[in-house]
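Reader: I have the model open and would like to know what stands behind the labels you use. Could you take me through them?

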Amino acid sequence: EKNWILISVVFCSLPVRQQIQFADQKQEFNKRPSKIGRRSLSRSISQSSTDSYSSAASYTDSSDDETSPRDKQQKNSKGNGDFCIKNIKQADFGRREIEIAEQEMPALMALRKRAQGEKPLAGAKVVGCTHITAQTAVLMETLSALGAQCRWAACNIYSTQNEVAAALAEGGFSVFAWKGESEDDFWWCIDRCVNVEGWQPNMILDDGGDLTHWIYKKYPNMFKKIKGIVEESVTGVHRLYQLSKAGKLCVPAMNVNDSVTKQKFDNLYCCRESILDGLKRTTDVMFGGKQVVVCGYGEVGKGCCAALKAMDSDCTVSHGSPMDGFRLVKLNEVIRQVDIVITCTGNKNVVVREYLDRMKNGCIVCNMGHSNTEIDVASLRTPELTWERVRSQVDHVIWPDGKRIVLLAEGRLLNLSCSTVPTFVLSITATTQALALIELYNAPEGRYKQDVYLLPKKMDEYVASLHLPTFDAHLTELSDEQAKYLGLNKNGPFKPNYYRYENTSTQPCMSSLSPAHVPLGFHRIVFSLKPISNWFNMSI
């Protein structure tokens, strides 16, 4: 009893100022920022479903300014106004974000250091359409250091980090992007990148194919003068192959999505980590015991399944092949029972209105594919259904009987819309993109025809080798006798272009068959420690 009295006396004797501070902090914490910008009527039927504010990927966007960036006149500190972003005043914070990202992107920084004296991209005019994040900013600044001029737009209306876009604009880059663009804004930004007097792009760096098709359809004469296209997504690569098959692809293109190092890390390992992050940030869901169906079992699907299985979810697969112990099901047969539906097929109309109508109350629906075509969100924009925005990037779609589903990011890419992805992964992707640009730009006439090509295997292996010092990896070289026995060059490449480094498991492994022991899931890719000379003029 004396102890309780003592505690009460101590508590009551606390300075009033400290208690008031705590109350103020709590009040500040409970404030919910809200802002509604210009929105295309074709995207929604209610104001709540178009509120695009999110702090998941952009931490400084707390302004109450409802003015569209298109209606603002902004200039950086040097008087340049060739950009359109949310707020140039966020540039200092964005610069700190970029500096942090540089620490976890060792290969790209090494590439910048090794090649900036030679300027392998001198004269290149690169127009890009990717996610605009701190990691992309490191890539853009690397391309600039290698001699390229860059103009950039965002490939996703929700993934732009506004503070990073501000830092790039302050640094002199022509960036046209902000978080929460409308569909009209999206295409306007792409056109502003392309349609500028006195500037003719000669290289395209695309993620999803929207930029490539915009130039192809609206500026056919400009498209014919493009020297090369680099595409990193499944969706974009598919569209390139369609153009090639129809005989309409008049420039060489590089498919970096299927380069092994990029595919394993960006698609498999990245999604294995970011699927959980995105779901947790948006729904606070507990995964254990949940029935989950993953639509698609490519590298993205494998990563999602591995993560959910590790969290004790009952995970099944549709639209894929039965591998790694996951049960293969038809979506229409299990749709009434599942708690979470994740799409990652790269196709369209995988989850249609019929399936959405039959889902159980509270079912979470999200997409891990690049395009927003996998979930038929347009079919939910009908008068009988009510949309309720419950938090950033989270909508409840409510049926007349009271049933509701939880739709994340309006069916767009979950991880970059609602969370973040590992910077180290994007180091691999960005280095691959940079090397592909260098290869296409410097390739002698006739090496590449009007078709879609894989990144040369030697470059693929070189990208991975640049990342190995981060792990203090020490590789074993082939002896002359071993190289002769296998019929290989000691410096690589060690596998033919068609070899995919597949495993029967989604877990990282090391192979006793390789002449080098590679840690952390490099999947039997092997490299020489000797420097590769004239790497930007490698022959295939």
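Author: Gladly, and domains come first: their bounds are taken from an automatic or database domain assignment. Please keep in mind that this is a predicted model, in which local features need pLDDT of at least 70, side-chain atom pairs count only at pLDDT 80 or more, and totals for chains, interfaces and linings use all residues. Residues are numbered from 1 along each chain as its sequence is written, and side-chain values use heavy atoms, without hydrogens and water.

Reader: What makes you say where the largest pocket lies relative to domain 1 and domain 2?

Author: Domain 1 (69-258 + 422-455) and domain 2 (269-418) both contribute residues to its lining, so the largest pocket lies between them. A pocket here is an open set of points on a 1 Å grid over the protein atoms alone, where a 1.4 Å probe fits, with protein on both sides within 12 Å along at least five of seven lines; lining residues have an atom within 4 Å of a point.

Reader: Which residues lie nearest the centre of the largest pocket, and which helix gives the largest share of the lining?

Author: Nearest the centre are Glu 183, Ser 371, Asn 372, Thr 373 and Arg 412, out of 30 lining residues. Helix 10 gives the largest share, 4 residues. Helices are DSSP runs of H or I with at least four residues, strands are E runs of at least two, and both are numbered from the N terminus.

Reader: Why is Gln 393 called buried?

Author: Buried means under 20% relative accessible area, exposed over 50%, and partly exposed in between (1.4 Å probe, protein chains only). Gln 393 has 1% relative accessibility, so it counts as buried. Its phi is near 65°, a positive value in a residue other than glycine, and Gln 393 sits in the loop between strand 12 (386-391) and strand 13 (394-398).

Reader: And what makes Ala 409 buried?

Author: Ala 409 has a relative accessible area of 0%, so it is buried. Phi of Ala 409 is also positive, near 55°.
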